[in-house]
Amino acid sequence: MSQGPRSGLAAVSSALLAMSRHLEVRDVLKTIVASARELLDAQYAALGVPDDHGGFAQFVVDGIGEEQWKAIGPLPRQHGILAAMLHEARPERLADVRQDPRFEGWPSAHPDMSNFLGLPIRDGDEVVGALYLANKNCAKPAGGCGFTEDDEELLSILAQHAAIALTNARLYERSRELTIAEERSRLAHELHDAVSQKLFSLRLTAQAAAALVDRDPSRAKGELQQVAALAAEAADELRAAVVELRPAALDEDGLVATLRTQIQVLDRAHSARVTFTSRGVRALPAAQEEALLRVAQEALHNALRHSGAEHVEVSLHRRGPAAVLRVTDDGGGFDPTTVRRAGRHLGLVSMRDRASGVGGSLVVESAPGKGTTIEMEAPGG
């Protein structure tokens with residue numbers, strides 16, 4: 001991974017920028033290790049994140065090939081010099097790690113190491129990890145060669161920023177976990193309110209059909225048709241919930257590609273023509289992308305299920321510093337004030353909540369016989 005030593009402010013700046021570019025904890029750890037090894041021109045580097053049981057929750061290495069790493073065996077325990085930096089929270093700079101009385105050896109497949117530099121990564125008073133470097137790449141005259149005080153100072157700067165990057169990544173992952181938990185809770189309520197009610201109605205209607213089948217076959221047939229309609233509605237609600245539980249494509253493909261794929265599927269699945277255009281939208285923060293996707297899904301669901309539209313147009317474009325989503329259909333339209341009074345929100349409340357939750361806005365334009373346009377504007381486009 002490393003191509004040779006780099007020095008000066010440019011090298012430090014490059015390392016710090018690389019760390020700040022990632023949000024996933026594992027990616028941050030790998031970037032810290034690679035940056036440290038390149039910056040100090042070492043043959044090997046590692047970063048250990050301790051667990052609460054005397055081992056390491058994560059241990060990332062750079063300079064050791066995958067096959068050799070597998071051959072080394074299980075992750076190390078917190079012992080010897082590795083433990084010293086975690087428990088005593090102080091740097092360790094050694095001319096030859098093998099001569100230190102705390103050295104306890106290593107597995108047979110482990111590379112041979114001599115000079116050593118290690119620093120704890122601290123978040124306030126808490127040690128959240130430790131950086132280890134070994135085998136400085138330099139000529140070894142009779143006087144020997146190893147890590148210097150300048151190296152230690154440089155690694156100390158890197159370790160301070162590594163603590164910030166690692167803490168931010170952990171907060172991001174925790175925030176995402178909470179968001180997923182909140183989303184699942186919201187969906188559970190929606191399923192209870194919608195699908196459960198439909199299934200209850202379906203059961204009552206089926207019981208009525210069973211009671212009528214002998215004495216009034218004609219009415220029983222009507223009740224069974226209602227059973228079929230209720231079952232179809234319940235299936236639609238479940239499909240909608242499943243779609244909401246699977247926004248993972250956003251992380252891999254981004255908003256534009258995810259919308260395009262979903263709209264292509266809807267276009268094939270429905271008689272209405274569904275089209276998508278996009279212009280000038282850059283990658284957005286994760287919260288904005290998810291909000292725009294959810295609003296698009298809700299608006300498309302309404303248009304394809306309720307409006308009787310022949311054509312639904314979806315566009316995503318840039319307007320100044322914002323991203324703008326528009327979903328327009330040529331269906332029957334509705335009076336938004338009448339819908340509100342009747343208590344049938346068609347997901348409008350949910351869409352407005354999603355828009356306002358990311359600092360955006362939602363505008364709904366519709367009238368009976370005039371179709372519907374839903375426009376969401378989100379900052380950061």
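Me: Buried means under 20% relative accessible area, exposed over 50%, partly exposed in between (1.4 Å probe, protein chains only). Why is Asn 135 called buried?

Reply: Asn 135 has a relative accessible area of 10%. That is under 20%, so Asn 135 counts as buried. This is a predicted model: local features need pLDDT of at least 70, side-chain atom pairs count only at pLDDT 80 or more, and totals for chains, interfaces and linings use all residues. Residues are numbered from 1 along each chain as its sequence is written, and side-chain values use heavy atoms, with hydrogens and water left out.

Me: Where is Asn 135 placed, and what is its phi?

Reply: Asn 135 sits in strand 5 (residues 126-136), a strand being a DSSP run of E of at least two residues and a helix one of H or I of at least four, numbered from the N terminus. Its phi is near 65°, a positive value in a residue other than glycine. Most residues other than glycine have a negative phi.

Me: How do you know whether Asp 41 is buried or exposed?

Reply: Asp 41 has a relative accessible area of 14%. The limit is under 20%, so Asp 41 is buried. Asp 41 lies in the loop between helix 2 (25-40) and strand 1 (42-50). Its phi, near 55°, is positive too.

Me: What makes a set of residues a nonpolar core, and how many residues has the largest one?

Reply: The members are buried Ala, Val, Leu, Ile, Met, Phe, Trp, Tyr and Cys residues joined through side-chain atoms within 4.5 Å. The largest nonpolar core has 35 residues. Its residues with the most contacts inside it include Leu 255, Leu 325 and Met 376. Helix 9 supplies the largest share of this core, nine residues.
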